[in-house]
Amino acid sequence: MIKMTLMCVIALWGVAGGARSCGESRRVYGEKHSLDTAPHARISGEHLRVCARDYTCCSSEMEDTLAQQSQANFLSAVRDTSHFLLTTFTQRHRRLDEFFRELLDGAERSMNEMFTQTYGHLYTQNAHMFQQLFTDLRRFYTGSTVSLSEVLADFWAGLVERMFSLVNPQYEFSEEYLECVSKHAEQLQPFGDLPQKLHTQVSRALTAARALVQGLAAGRDIVNKVTELTVGSECVRALMRQWFCPLCRGSPSLKPCHSLCLNVMKGCLANQADLDSEWNNFIDALMLLVQKLGGPFHFELATDSIAVTVSEGIMFMQENSFSVSAKVFQGCGIPRPTPARSKRSPRARDNGKPAFRSYSSVEKPTTASGTNLDRLVEELQERLRPMRGFWVTLPHTICNDEHMSADVTNEDRCWNGQTRGRYLPPVTADGLVNQINNPELEVDVARPDVKTRRLIMELRVVVNRLRLAQAGRDAEFIDSDVEAGSGSGGAGEAGERFSDDWPGYGSFSPPRNAPADRLHPRDTPPADRLRPRDIPTNKRNRLNGRSRSDAGRLSPPLLSVLLLFTVCFSLGL
């Protein structure tokens with residue numbers, strides 16, 4: 001009887017221990033790897049370096065192979081989980097970039113067609129001015145170091161010179177005289193406040209569009225860099241213990257407990273979690289800028305407004321040509337009459353018909369509700385919202401996958417790192433510093449990851465650009481004196497409050513400049529200075545850098561009045 005009992009105990013020990021078959025482990029292992037090194041039955045585990053050195057179904061070669069597979073599975077899980085980010089940034093960047101470029105091209109075509117029909121030969125003779133305007137707008141959008149204020153100032157300054165000659169055909173104007181006209185155009189405001197409005201609408205829309213496209217490209221690049229992980233040896237050991245040590249114990253279907261998985265992932269992804277704060281700032285900044293582009297900074301409305309605003313500016317100058325010309329003649333002198341036209345009035349030409357006319361309501365570009373931009377904005381907002389907190393929740397996202405860990409409701413029938421049963425250690429907090437208490441792997445919390453620090457700085461730079469664009473300000477020229485509309489009546493100063501002045505976005509209007517007749521003395525360069533077409537300079541500097549000597553050219557009439565008043569007063573008249 002005693003002999004029979006001893007035999008049963010030995011048999012049971014053999015089934016439960018060293019003599020137990022490894023058939024299930026071999027089957028699972030053989031699905032991806034060669035079975036040449038896989039034992040048929042359990043062997044001594046003294047050779048194991050990661051899993052417990054108990055009787056095992058894994059050879060040394062198997063353990064090495066499974067460790068490599070653990071690393072590959074981890075990297076694949078990170079890439080798959082972040083694929084949504086990468087595709088969103090890549091696809092939306094391409095779609096919006098193409099869309100913005102098409103809008104600029106369409107606005108130029110529309111202006112060319114409308115102005116050719118409206119102004120005919122007068123436009124075709126000066127079409128290069130308008131072509132240059134759109135060329136410069138594209139250069140700005142594509143990232144060139146171009147000041148929109150200077151671009152628009154050059155355009156309006158060139159236009160006022162051409163317009164002044166056209167509305168006064170009875171005079172001949174020298175280069176120097178037209179130079180004088182453009183110098184004082186900001187004070188004269190020959191186009192009213194239309195250049196200011198155009199600058200406000202175009203600059204903030206174009207700046208926001210460029211910043212958004214650049215921000216999406218930066219997001220794509222940052223996601224690529226973050227997911228290019230270097231997996232440390234401690235992380236690989238922890239991954240191996242949770243995913244494949246059950247296979248070595250003969251239970252390949254046993255999944256790691258959910259809390260065990262979280263601790264392993266938080267340790268392996270500690271540096272990524274440290275991106276959370278700046279990443280959220282980045283997503284918030286993108287969201288707000290997208291909202292602006294679909295509202296007060298509406299790019300489609302801004303591009304459509306270019307031709308209309310320029311046309312209205314031309315009409316404004318023609319309608320006020322007498323008062324503008326009188327002030328110019330007063331300040332710059334009476335020009336030489338054209339011999340053949342000395343007796344003709346500018347209003348008498350062409351049988352009294354004006355040389356210019358404004359668009360009819362049919363010709364004005366319109367944008368129906370629900371434009372393509374509106375749809376793109378809405379789609380992008382929907383995709384950006386779930387990106388907040390992505391990196392800090394990445395461990396949860398991976399561990400919530402049924403292939404990665406057991407369900408949270410299955411706490412007593414999962415792999416706890418040693419055997420089947422409940423996982424008792426608490427889940428550690430997020431971030432590198434908190435991994436000092438991680439029970440699953442050792443993390444050097446005293447050495448912040450250099451790559452992560454660089455990515456944080458990249459995010460801060462991008463966020464700063466996005467926030468400046470939200471205020472309609474260009475990061476490239478934030479330290480410069482951004483003063484727009486030099487040849488036009490000017491625009492707001494740097495830091496100007498941009499109004500939500502599109503229909504439906506508010507009624508606040510930016511403060512207008514002083515009236516045209518309130519001319520203020522400014523400094524000007526020497527009289528022999530060449531024009532911008534002769535030397536490589538910009539018209540904004542030429543217009544804003546006036547000297548008191550040239551400004552004095554506007555003051556003799558006023559001085560004469562004051563002298564006459566003084567004489568009369570002294571005589572008691």
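Analyst: Buried means under 20% relative accessible area, exposed over 50%, and partly exposed in between, with a 1.4 Å probe and protein chains only. By that rule, buried residues make up 49% of the 573 residues in this protein. This is a predicted model: local features need pLDDT of at least 70, side-chain atom pairs count only at pLDDT 80 or more, and totals for chains, interfaces and linings use all residues. Residues are numbered from 1 along each chain as its sequence is written, and side-chain values use heavy atoms, leaving out hydrogens and water.

User: What makes up the protein in terms of helices and strands?

Analyst: It has 22 helices and two strands. Both are DSSP runs, numbered from the N terminus: helices are H or I with at least four residues, strands are E with at least two.

User: What is known about the accessible surface of the protein?

Analyst: It comes to about 28200 Å², and 53% of that belongs to carbon and sulfur atoms. The areas come from the Shrake-Rupley method with a 1.4 Å probe; for residues, only the protein chains shown count as cover.

User: Why is the link of C58 and C248 called a disulfide?

Analyst: A disulfide is a pair of cysteine sulfur atoms within 2.5 Å. Here the S to S distance is 2.0 Å, so the pair passes. The structure holds seven disulfides, and this is one of them. C58 sits in the loop between α2 (23–30) and α3 (60–119), while C248 is in helix α11 (residues 245–248), 190 residues apart. Both cysteines are buried.

User: What makes the disulfide of C58 and C248 left-handed or right-handed?

Analyst: The torsion about its S-S bond decides. That torsion is about -90 degrees, so this disulfide is left-handed. Compare C257 and C414: with 90 degrees about the S-S bond, their link is right-handed. C257 lies in the loop between α11 and α12 (258–268) and C414 in the loop between α18 and α19, so the pair ties together parts 157 residues apart in sequence. Their sulfurs are 1.9 Å apart.

User: Why does C261 count as buried?

Analyst: Its relative accessibility is 0%, which is under the 20% limit, so C261 is buried. Its disulfide partner is C399, with S to S 2.1 Å. C399 stands at 1%, so it too counts as buried. C261 is in helix α12 and C399 in helix α18, 138 residues apart.

User: How do you know that E440 has no salt bridge?

Analyst: A salt bridge is a side-chain nitrogen of Lys or Arg within 4 Å of a carboxyl oxygen of Asp or Glu. Lys and Arg count as positive, Asp and Glu as negative; His and the chain ends are not counted. For buried E440, the nearest side chain of opposite charge is R241, 4.7 Å away.

User: Which residues does E440 touch?

Analyst: Contact means heavy atoms within 4.5 Å. Not counting residues up to four places away in sequence, E440 touches A238, R241, L260, N263, V264 and Y423. A238 is among the buried residues of helix α10 (residues 233–243). What covers the buried residues of α10 includes α3, α11 and α12.
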